[in-house]
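I opened this model to look up its aromatic pairs and the strand pairing around them. My notes are set down in the order in which I looked.

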Amino acid sequence: MDVQQTRFSPQEIAALGRRIDRPIVLVGMMGVGKSSVGKRLANLLDCPFVDADDEIERSAQMAIPEIFDTYGEDYFRDGERRVISRLLTDSVAAGRRIVIATGGGAFVNVETRALILDKAITIWLDSEVDTLVERTARKENRPLLRGGNPREILGRLREERAQHYAQAPIHVLSGSGPHVQTINKVLQGISQWL
């Protein structure tokens with residue numbers, strides 16, 4: 001379901017929050033705004049926010065680029081799946097809402113994708129390549145962008161991963177405007193999905 005923008009009042013947001021009975025997971029390319037949108041969304045819904053990449057780093061006691069350099073991407077993806085599984089399982093078992101931002105490649109993994117689709121409200125945040133290039137240039141911790149042209153790499157990854165991201169039931173375009181526009185679309189998508 002593609003979502004258009006709608007404005008929500010605080011009362012409507014509170015009512016929507018009461019209807020949410022499972023974790024909310026944001027998937028999509030690096031630089032699409034999953035963490036920024038996720039933090040604001042969690043604040044609006046009065047629930048915790050967790051960035052899966054931060055949890056992976058905490059569990060491994062290493063930065064993500066170090067994990068890639070030391071053990072490779074396959075090792076990282078396995079750890080990522082285990083961390084996301086734990087976050088979802090703990091949230092569901094505790095009967096509490098949580099907003100989780102995943103890494104860009106998490107939803108490409110078959111097992112991770114199946115787990116997220118089964119246990120969460122899954123939202124694909126999507127952006128044009130130009131927006132992704134602009135946003136990813138702000139951080140130096142993107143292992144997949146090292147050693148190549150970021151525009152080419154992001155364009156290729158976006159194309160390769162789109163078929164996986166498209167399995168998320170909610171699809172929201174995140175443009176170059178303020179995140180509040182994207183958050184309103186996310187709230188609309190959740191409301192329609194519920």
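The entries below cover aromatic rings and then strands.

I note that this is a predicted model, in which local features need pLDDT of at least 70 and side-chain atom pairs count only at pLDDT 80 or more, while totals for chains, interfaces and linings use all residues. Residues are numbered from 1 along each chain as its sequence is written, and side-chain values use heavy atoms, with hydrogens and water left out.

**Aromatic pairs.** I paired rings of Phe, Tyr and Trp (its six-membered ring) if their centres lie within 6.5 Å, with planes under 30 degrees apart counted as stacked, over 60 as edge-to-face and the rest as tilted. By this rule I count 3 aromatic pairs. I find the ring centres of Phe68 and Phe76 5.0 Å apart with planes at 40°, so this pair is tilted. Phe68 and Phe76 are both buried (under 20% relative accessible area, with exposed over 50% and partly exposed in between, for a 1.4 Å probe and protein chains only).

I then looked up Trp124 and Tyr165, whose ring centres lie 5.8 Å apart with planes at 35°, so this pair is tilted. The pair links distant parts of the chain, 41 residues apart, with Trp124 in strand E4 (residues 121–126) and Tyr165 in helix H8 (residues 150–165); helices (H or I, at least four residues) and strands (E, at least two) are DSSP runs numbered from the N terminus. Trp124 and Tyr165 are buried.

**Strands.** From strand E1 (residues 24–27), Ile24 and Leu26 point one way and Val25 and Val27 the other, all of them buried. Strands pair if DSSP finds at least two bridges between them. E1 runs parallel to E4, joined by 4 bridges, and I note Trp124 again, as the bridge partner of Val27. E1 also runs parallel to strand E3 (residues 99–101), with 3 bridges, where Ile100 is the bridge partner of Val25.
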